[in-house]
Every structure is written in C-alpha cells, then in structure tokens.
Amino acid sequence: MPNSAVTASGPGISGVTGVLQGMASRVLEAIALPGGLLVALAIVAAVVVGRDVRRRDPVRRFTRQQRREGMARAAGQCEMEAGFRRRCSRPAEHGDHFYPWSKGGSTSLQNFVAACARCNRAKGARIPSPGQQERIQERRRNYVLPGGSVGVGERQPL
C-alpha cells in the first residue's frame, strides 16, 4: 500500500473564525433593534416618572381639620363601594386619597374619602375608574348637606 499523506478535508482555522464572526454579527443584528427599543422605553419611563414625582403634593397627610370635615361629611361611614355598587356599611377608620397621592392626587378635602380599613387596603394605590368616581359623587348627594361639595378626586397640575 502506498504511503498517502493525511490531509484535512474540512475548513481550516481561517474558515472557522469566519463562520464564528458571521454568527456573532447575525446575533448582534438580531439584538440591536429590540435592545434599542428597550433603551428608548427606559428613557421615556424615567421622564414620565420624573414628571409624576414633580406632580406630587408636598404634603401627604391630611390635616386634623380636613379629617374632621371629611369624616363629618361621610357621617363616620365608609364611602367606598361594597358589592353590587352600593356603599360600604362599615364605620370609616381612615382618611384616604381618592386619587392616590403617589399618582399625583392632592391632599385636599375634595380628594378626601372616608374609608374602612378593608376598603382602604383593597383600593391600595390604584386609580379608581371614572364610573366609580361618578357613583361616589351620586351617593354623596344623598348625605351631604345642600350647598356642600360632592365632588371627589383631584390631581395636582404639572
């Protein structure tokens, strides 16, 4: 049998690096667009949060006078909704921001709503729907003295 030289039949070193470079460039191309969008969204979110922080009322707690007036307006009963869109029957224990302070709600009597502990925890920092706002205003017409404010919810301007 004649002596035959063993030769590499596959691509050489330079061929392997070329394939790896091609794969890396394709991965970078696939990541570039979503990564750029992600960075842009992060910048927009930072700007929105920054503007919302400026919107916050510098005073978070209601004054004693506001609490007294708000609780008297509600006759000591929770103003939040229970089942079937009716008024909660529990006694009010908390003075809550109807439009959450953390979302720009003002610390004013108009934004004050008397709430029991259960309703206050259930609402959390969520923004109530416009329908819920209308229903509370409609219920307030039944127990607020004539000439009294039935409006609910107030947000700080930018």
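**Cysteines.** I started with the cysteines and counted 0 disulfides. This is a predicted model, so everything below is computed from it. For a reminder, a disulfide is a covalent bond between the sulfur atoms of two cysteines.

Then I checked C116. C116 is in no disulfide either. Its nearest cysteine sulfur also belongs to C119, at 3.5 Å. I noted C116 as buried, with a relative accessible area of 1%.

**Overall layout.** Next I stepped back to the whole chain. I found 4 helices and 2 strands. Reading from the N terminus, I wrote the order down as α-α-β-β-α-α. The protein has 158 residues, and 30% of them count as buried. The accessible surface came out at about 11,000 Å², with 60% of that belonging to carbon and sulfur atoms.

I also wanted to know how far along the chain the contacts reach. Taking the contacts with a separation of 6 or more, I got 66% from residues 24 or more positions apart.

**Aromatic rings.** How many aromatic pairs does the structure hold? I got 1. The pair is F62 with F112, and their ring centres are 4.9 Å apart. Their planes meet at 80°, so I filed the pair as edge-to-face; planes over 60 degrees apart count that way. The two residues come from distant parts of the chain, 50 residues apart. F62 is in the loop between α1 (13-55) and α2 (64-73), while F112 belongs to strand β2 (residues 112-115). Are these two buried or exposed? F62 is buried at 12% relative accessible area, and F112 is buried at 0%.

I made a separate note on Y143. The charged end of R87 sits over the Y143 ring, 4.0 Å from the ring centre.

**Helix α2.** Which residues of α2 are buried? My list reads Q66, G70, M71 and R73. Then I asked what covers the buried residues, and the cover includes β1 (94-97), β2 and α4 (130-143).

After α2 comes A75, with a positive phi near 60°. A75 is not a glycine. I placed A75 in the loop between α2 and β1, and A75 counts as exposed at 65% relative accessibility.

R85 lies in the loop between α2 and β1. I noted R85 as exposed, with a relative accessible area of 56%.

**A buried lysine.** K123 lies in helix α3 (residues 117-123). Is K123 buried or exposed? K123 is buried, because its relative accessible area is 8% and the limit for that class is under 20%. What does K123 touch? Leaving out residues up to four places away in sequence, I listed M80, D96, H97, F98, P100 and P128.

**Two partly exposed residues.** S129 sits in the loop between α3 and α4. S129 is partly exposed at 35% relative accessible area. I took the C-alpha separation of S129 and Y99 and got 9.9 Å, for residues 30 apart along the chain.

R155 was my last stop, in the segment after α4. R155 counts as partly exposed at 36% relative accessibility. R155 and S106 are 49 residues apart in sequence, but their C-alpha atoms are 5.3 Å apart in space.

Note on methods
Residues are numbered from 1 along each chain as its sequence is written. This is a predicted model: local features need pLDDT of at least 70, side-chain atom pairs count only at pLDDT 80 or more; totals for chains, interfaces and linings use all residues. Side-chain values use heavy atoms; hydrogens and water are left out. Rings of Phe, Tyr and Trp (its six-membered ring) pair if their centres lie within 6.5 Å; planes under 30 degrees apart count as stacked, over 60 as edge-to-face and the rest as tilted. Buried means under 20% relative accessible area, exposed over 50%, partly exposed in between (1.4 Å probe, protein chains only). A charge sits over a ring if NZ of Lys or CZ of Arg is within 6 Å of the ring centre and within 35 degrees of the ring normal. A disulfide is a pair of cysteine sulfur atoms within 2.5 Å. Contact means heavy atoms within 4.5 Å. Accessible areas come from the Shrake-Rupley method with a 1.4 Å probe; for residues, only the protein chains shown count as cover.
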